[in-house]
Amino acid sequence: MSTEQAALSVQGLTAGYGGPPIIERVSVTARRGAITAIVGPNGAGKSTLLKAVAGLIRTTAGTVFVEGKEVTGLPTETDEDTLGIAELGRNVVEIGKRHHKSGASVTLSVGGFVPKPFTPFQWFGQNTVEELRRKINLLRDDTRRSHGVNMKWHDPKATQIEGLASRGDRRLGPVIEEVWRRGGTFQEWSEKFDLDLWVDAMANHGLSLDWYVHRHRTEQEILPWEHLSAGLHKDFLWQDWRDALAEVGLPDCRWTPCYDCGACTGYSIEHIVASATPPAGGSQGTGQDITKSSVPVTLLGRKPEPAAAGATGAVR
Ligand code: SF4
């Protein structure tokens with residue numbers, strides 16, 4: 001049966017919880033209108049397989065198709081996007097050359113993305129060290145052949161601990177103390193940073209860096225910061241996250257009906273619309289009249305939800 005004909009097709013899926021893989025190269029096909037059962041003894045990996053298919057844990061190999069559509073590689077950052085950073089640098093150098101006789105140069109300073117609480121990406125599983133290294137190498141190779149474009153990058157290992165601090169919970173208190181007691185001071189200095197100290201301290205407290213940093217969260221998960229409020233409503237952020245996966249944006253709320261994101265309404269701040277006609281107030285309040293320039297502004301509508309409920313699962 002082809003992947004197009006199957007309701008669900010799993011091919012060569014490998015996944016686990018940060019240690020050795022729990023399931024390896026598993027393939028399953030489920031036909032429409034048929035009941036498919038996964039059988040096996042306790043500990044065989046049945047739950048792990050279902051979690052991997054639903055995108056609740058990170059997969060390290062394999063592909064999942066739902067109704068013929070691949071959902072393991074949903075769009076966030078593609079290699080083309082990554083290489084676009086180098087392209088931007090080259091374009092800036094070209095513009096600089098027009099104004100500087102002695103030539104122009106640009107330094108690209110790149111670091112891995114660290115999801116933050118109270119943002120649409122609070123559910124996103126951060127890139128692993130290996131994936132960040134791969135992207136950095138991709139960029140480095142590309143900029144090597146670009147005269148005037150230099151590149152600096154942030155240590156992907158340090159990015160993991162930034163991710164841990166960003167979305168950790170109260171259980172990390174003893175971990176931080178242990179790192180400190182074992183000499184882990186000035187961890188933000190590259191010459192002092194030691195990832196092993198953190199990984200060991202996490203293990204000593206029965207915690208996994210992979211679980212905290214690389215795992216995609218579900219809508220139902222209670223996040224450690226939910227007893228706090230930054231104004232934004234969780235359901236708005238979740239919809240924004242889904243929109244990000246579907247690659248759509250929302251028009252600026254200064255000239256649309258209020259989306260009730262919570263930023264104003266939660267704090268009794270009145271929403272005063274500059275004008276019902278976008279963008280009469282100028283682009284982003286800069287006073288720039290984009291109707292008389294070539295600034296490419298496109299307001300995108302919402303697209304349908306991604307195909308699978310667990311489609312967030314393998315976005316990288
Ligand atoms: S007007 Fe305020 S509450 Fe409404 S969508 Fe805009 S920022 Fe959010």
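Reader: What makes up the largest nonpolar core?

Author: Twelve residues do, among them Ala6, Val10, Ile23, Leu49 and Phe65. The term means a set of buried Ala, Val, Leu, Ile, Met, Phe, Trp, Tyr and Cys residues joined through C-beta atoms within 7 Å. Strands S1 (8-15), S2 (23-30) and S3 (59-66) and helix H1 (46-54) each give at least two of its residues. A second, separate core has eleven residues, including Leu164 and Leu209. Please note that this is a predicted model, in which local features need pLDDT of at least 70, side-chain atom pairs count only at pLDDT 80 or more, and totals for chains, interfaces and linings use all residues. Residues are numbered from 1 along each chain as its sequence is written.

Reader: Why does Arg25 count as exposed?

Author: A residue is buried with 20 or more other C-beta atoms within 10 Å of its own, exposed with 12 or fewer, and partly exposed in between, with C-beta atoms placed from the backbone. Arg25 has 11 such neighbours, so it counts as exposed. Arg25 sits in strand S2, and its phi is positive, near 50 degrees, though it is not glycine.

Reader: And what makes Phe186 exposed?

Author: Phe186 has 9 C-beta neighbours inside 10 Å, and therefore counts as exposed. Phe186 lies in the loop between helices H5 (172-181) and H6 (195-204).

Reader: How do you know that strands S5 and S6 pair?

Author: Pairing takes at least two bridges found by DSSP. Five bridges join S5 (residues 106-110) to S6 (residues 149-153), and the two run parallel. In one of them, Val110 partners Trp153 of S6.

Conventions. Helices (H or I, at least four residues) and strands (E, at least two) are DSSP runs, numbered from the N terminus.
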